[in-house]
Amino acid sequence: MRTTAPMALDLRMLDEGRLPREIFWSEEVYRLELERVFARAWVFVAHESQLPKPGSFLTTRIGEDEVIVVRKRDGRVAAFLNSCPHRGNRVCSAEAGEARGFVCNYHGWSFGLDGSLRGMHESGAYDREPGFDRSELGLTPVAQLDGYKGLLFATFDPDAPPLAEFLGDFRFYLDVMLDNDPGGTEFAGGCISSVLGCNWKLAAENFAGDALHAGWTHASGAEAMLGGPVAALGDPSNESYHVNVNGHCWEFNLDSVGNAATIGDRRVVDYLREHRSRFEERLGPVRARMVGSVSSANVFPNFSFLPGQNTFRTWQPLGPHRTELRTWVLVNRDAPQEVKDAWKKGAMLTFSPSGVFEMDDGENWEGATHSNRGVVTRRQPLHYGLGMESRIDHPELPGNVHRGQINDANQRAFYRQWAKMMNSAGWDGVLETEDAR
Amino acid sequence: MTPATTPATVLETADRVDAGLYVEVLQFVAREARLLDEERYPEWLALFTEDATYWVPGIENRSRHDRSGTHAPERMAYFDDTIADLRHRVDRFTAPTAWAEDPATRHLHVVSNVEVEAGEAPDELTVRSVFVNHRGQGSTDSAVLYGRRTDRLRRVEGRLRIAARKVVLSHATLPAKNINTFF
Ligand code: FES
Ligand SMILES: [Fe+2]
């Protein structure tokens, strides 16, 4: 691993509301990103509900590393690399299902649900081999795996601070989605994946803070689903915020159902209205109004969601200019089945590759990626200068709080966190960044 | 898993189809494809019955012996639509603010392998087909999607109308950034 970044992000530039374009184009930056960000950060790998019983598994990626996430016989979840220690073939080819173990197609090495090497074709030959030790040849586990209220995250870095510390006070905000109901949450069935020709960060920063694009990019979607434009979110009468903790970002207003209304099904909005007092009981008056409001969020580095539409997704990098989008739909476990179904369908109708809103996003991110092919184009820094003096203290909201959701504060915080990880091989001072006032 | 169809069954079914009817169905699916190519969405919508369903399930890459299959109604779908939902989608396509639609996508819907069978109701047909959908966008972008359709066509006032369509894509991971078309 390198000890110094080949192209350290100039933090002063970010303090002036500017960002170099190189970070969306350079192969070198991308390779370092895989080492310093994806091989170290806590990355979302599964929702508990996707692994209902022992043997339930799914395959995913952390950075470009392929990973199997599986519920073991003892009921606990494990995650390890999907690559055979023998010649490297993948040992699991399905994206999800149930298994008693994993057998490699190449030479028949077989692994238990805990990743340990159990046996192999022609095992006698290995048994006669002096010094051969099965216990050293299991599937490589992630360094740490932990959960927060149903969401499971993993990191390859044994030195990474615990998940609770990595998420920090962002857990206060995550509870808006994960703990507004005593029954907790689950993913509605299935997973939809697609491929975008963009840098993953452009998608992540969009969910981190880009309320600005909603009214413009998604004007046609709003026209189709609401019969009119998105309300002007920058109006001072719109009480709204950017908040961020450790690079995890949430932009929101307090209109309660603005996002939920876009999916065009009364049952969802009615469910939110009927449960308002329960949300207040559990979350207090401010967070209760965030449950379905006009908002978006990104858990650093690449796990995004939209309250209200309830689409949850990861932006999995496939190179500096290619990203696989995987999406799921989050619902309250105890919600009536028809409400869950309405949410699943509505999330797809609005935010999926065929969704009337999302359809206009990919085009923009691809354009914003590929224009950077030009060497002269790359010399011009990009503008991230909205809300330079928007930082406030709020009696109820923890973390870095900024007034107004039409703002670049969260995007700056996202890149500040990214830059800190890129510029340092360790964790000293990497978390708990204070935004400038 | 559906039970394997014996070759004899396929031939018998095919034998029962009247050539005139087969040609009428061929003409119908070709015209429908051209309406989509030319983005004549309101006219395309008029080919559906008011109670129509349009389902394009997400496809999962699952093991052969996984009985839950590659797609299922309880899983997420690209489209799980009624006619009202399809109208919402068309409203987006036709909105002047649909920025991604300008310049226009160059669509090509190729429909083939058409099979016509008697439907469950006397005024209905089961029509199977496969498609290749090419979209050219911008100067150089292109996306190709493949899939298999099963339609329930109903005769309404003498004309064929789509009462139900199921589209099974050949892709688990969609090799495209979006689906700004129909199949
Ligand atoms: S590569 Fe897996 S058994 Fe040889
Ligand atoms: Fe968007």
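**Figure 1. Helix H5 of chain A is largely enclosed by the rest of the structure, because seven of its nine residues, 170-178, are buried.** In this predicted model, local features need pLDDT of at least 70 and side-chain atom pairs count only at pLDDT 80 or more, while totals for chains, interfaces and linings use all residues. Residues are numbered from 1 along each chain as its sequence is written, chains are lettered from A and ligands numbered from 1 in the order in which they are written, and side-chain values use heavy atoms, with hydrogens and water left out. Buried means under 20% relative accessible area, exposed over 50% and partly exposed in between, computed with a 1.4 Å probe on protein chains only. The buried residues of H5(A) are Phe170(A), Tyr173(A), Leu174(A), Asp175(A), Val176(A), Met177(A) and Leu178(A). Helices (H or I, at least four residues) and strands (E, at least two) are DSSP runs, numbered from the N terminus.

**Figure 2. Strand E15 of chain A, residues 248-253, is mostly covered, with six of its six residues buried.** In a regular strand the side chains alternate between the two faces of the sheet.

**Figure 3. E15(A) pairs in the antiparallel sense with strand E14 of chain A, residues 240-245, over six bridges, and with strand E16 of chain A, residues 295-299, over four bridges.** Two strands pair if DSSP finds at least two bridges between them. Tyr241(A) stands opposite Phe252(A) of E15(A), and the bridge partner of Cys249(A) in E16(A) is Asn298(A). The hairpin of E14(A) and E15(A) has two residues between the strands, and in this hairpin Asn246(A) takes a positive phi near 55 degrees.

**Figure 4. Lys201(A), a residue of helix H6 of chain A (residues 200-209), is buried, with a relative accessible area of 0%.** Leaving aside neighbours within four places in sequence, Lys201(A) is in contact (heavy atoms within 4.5 Å) with Ile23(A), Phe24(A), Glu33(A), Phe414(A), Tyr415(A) and Trp418(A). Lys201(A) and Thr323(A) lie 122 residues apart in sequence, and their C-alpha atoms are 9.4 Å apart in space.

**Figure 5. Chain B meets chain A through 38 residues of chain B and 37 residues of chain A.** The two chains bury about 3100 Å² between them, 57% of it on carbon and sulfur atoms; buried area is the accessible area (1.4 Å probe) that two parts lose on being put together, summed over both. In chain B, Met76(B), Arg92(B) and Lys177(B) lose the most area to chain A, together 26% of what that side buries.

**Figure 6. Four salt bridges are counted between chain B and chain A.** A salt bridge is a side-chain nitrogen of Lys or Arg within 4 Å of a carboxyl oxygen of Asp or Glu, and the side chains of Arg92(B) and Asp360(A) meet in one, at 2.9 Å from N to O. Strand E2 (77-82), helix H4 (83-94) and strand E7 (173-174) of chain B each supply at least two residues of the side of chain B that touches chain A, and the largest share, six residues, comes from H4(B).

**Figure 7. Strand E13 of chain A, residues 192-196, and E7(B) pair in the parallel sense over two bridges.** Within this pairing between the chains, Ser193(A) stands opposite Thr173(B) in E7(B).
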